Amino acid sequence: PTVRTHFPKIQLQMLSTALREALPNVNVEVIDMKIEGNEERHYKTFEHDGLRFDCYRIGATFESLTDRIATSDIVGISSPFTQAAGIVTNLVKHIKQVSPQTKTAVGGYDTISQDRTSFYRTNGFDAVLPRNGEIELPKWIAKEFGVKLNLPNHDGIVLSHERDIFSARALQFPLPDLEHVDFGKYIEAEDGALPDGATPPIMYLVGSKGCDRHCTFCTIPKGNLGAYSVIELERLEALLDYYKQHGISTVLLSDSNPLTRLRYGEEGRNHLIETFKLLRKKGFAWEWFDGIEFGRLADENGNIDDELINLLFRPEVKDGRLVGGYRAYIPVEAGYEAYRQEFDKLRTYDLQFKIIDRILQSGVKQLSPGQIVGFPYETSETLQQTVDTSNKLKELIESHGAEPLFIFYVHQLFPGAPDYSRFRKLLTADIEKHPELFQLYTATKPTSKFSPSQITLARR
């Protein structure tokens, strides 16, 4: 896969704002190590299942941070990806060597399971804050150092899966910090170069958090404790105006499952419609980089919502600028029936192709179908079916004059996801010794017919 470093770090920026609001008497510095330097440094080599892995850090060196570490009371580190856990723990060791009295905290999706919380605690962190860092980190700092705490409320909506209705509640959606971050360096989109008319800098747009599905390979439901929440439209408009004031008009949609709103009837659908009317009114171009549960674009009878599709995807040019969707990641997930039947969110393949055809009719020029290989029951037949489905998708996408950008992932066991407990005994890799393997491009377990290395190479 292409290594990208100059992409936005939205959670870090939102956390920066939350800290400044909650702890007005505390000096906060944001360090994006991926853009502060461009050194490529080898730190590890190992073998797994006959394949050699050379591991590198790219960005600022630990040594370049030494002076700032030495003058800091607290250093917080974000660890969203298991594969980077070795770098994170090496960094905390460096921090403690430079300044033993400096307190350290870590958060992010890799910390949410009990196993991973314990891992980070035993590797030198003073605090592990798995969830709601915008709230929990300021509270921990205030308690640790006896400073005044002022937690503001940010308007939002939290949705109850049990009641299936909208209900108002205070929710933490702080504006991302653009004053203390060199966001002009955020020039890389997720799945390729920006098209004509869409210009950097780029920012993520977080309009909702959580997901009402329970895909067994995913950590999102556990990370959000099953809750789904959306930003209020007034707050969204303020955020979009804030972006425009800073010269930002291209966004990467960072919602885990934005179409969960459709679960809540007309009120949820109207919220989604008004969200994208605002984006168009303000002149934004966007990429569905985090995927979209496109099966929800048809009702239970298979009737496709053309109005919504056009609003979510249709690109147009206004005053020489691209407005609307320019690229979308479409999670087909697997191209064979046994897999599709395992998840109730996946519609029949016939209906999936009809929905994708309608999306392409909107004029979007790039689609990235995502598929997963390496499930424990993977065989030569299921792999071939996935290839056949991909070829059909390629033909469909190209028939509309659009470009297919296929993404093949490996079924990975991430701590916090149900599959981690379900298939953990199959692992041939040690997550604490070689966390680098726990990503979406390398297999860490065999299937019924293939070894981990065979799956890793087949994905390529």
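Tutor: One term to begin with: buried means under 20% relative accessible area, exposed over 50%, and partly exposed in between (1.4 Å probe, protein chains only). This is a predicted model, in which local features need pLDDT of at least 70 and side-chain atom pairs count only at pLDDT 80 or more, while totals for chains, interfaces and linings use all residues. Residues are numbered from 1 along each chain as its sequence is written, and side-chain values use heavy atoms, with hydrogens and water left out.

Student: How many salt bridges are there in the whole structure?

Tutor: The search finds 32 salt bridges, each being a side-chain nitrogen of Lys or Arg within 4 Å of a carboxyl oxygen of Asp or Glu. R213 and E293 form one of these, at 2.7 Å from N to O.

Student: Which parts does that pair tie together?

Tutor: R213 is in the loop between strand 9 (208-209) and helix 7 (220-223), and E293 is in the loop between strand 12 (285-288) and helix 10 (306-313), so the bridge links parts 80 residues apart in sequence. Helices (H or I, at least four residues) and strands (E, at least two) are DSSP runs, numbered from the N terminus.

Student: And are R213 and E293 buried or exposed?

Tutor: Both R213 and E293 are buried.

Student: What does E307 pair with?

Tutor: The side chain of E307 meets that of R269 in a salt bridge, 3.0 Å from N to O. E307 belongs to helix 10 and R269 to helix 9, so this pair ties together parts 38 residues apart in sequence. R269 counts as buried because its relative accessibility is 16%.

Student: What about R280, which residue does its side chain meet?

Tutor: E316, in a salt bridge of 3.0 Å, N to O. R280 lies in helix 9 and E316 in strand 13 (residues 316-318), so the parts joined are 36 residues apart in sequence. R280 is buried at 6% relative accessibility, whereas E316, at 21%, counts as partly exposed.

Student: Which residues do shared partners join into one network?

Tutor: D212, R213, R263, E293 and R296 are joined by salt bridges that share partners.

Student: Changing topic: how many cavities are there of 30 Å³ or more?

Tutor: Three. On a 1 Å grid over the protein atoms alone, a cavity is a set of points where a 1.4 Å probe fits but cannot get out, and a pocket is an open set with protein on both sides within 12 Å along at least five of seven lines; lining residues have an atom within 4 Å of a point. The largest cavity holds about 90 Å³ of space. It is lined by 13 residues, and G207, D255, R261, T275 and F276 are the closest to its centre.

Student: What gives the largest share of that lining?

Tutor: Helix 9, with four residues.

Student: And how much space is in the second largest pocket?

Tutor: About 360 Å³. The pocket has 19 lining residues, with L262, R296, A298, D299 and E300 closest to its centre. Helix 9 (residues 265-281) gives the most to this lining too, three residues.

Student: Last one: where is I58 found?

Tutor: I58 is in strand 2 (residues 51-59). It counts as partly exposed because its relative accessibility is 35%.

Notes. Points joined across faces, edges and corners; volume = space filled by probe spheres on them.
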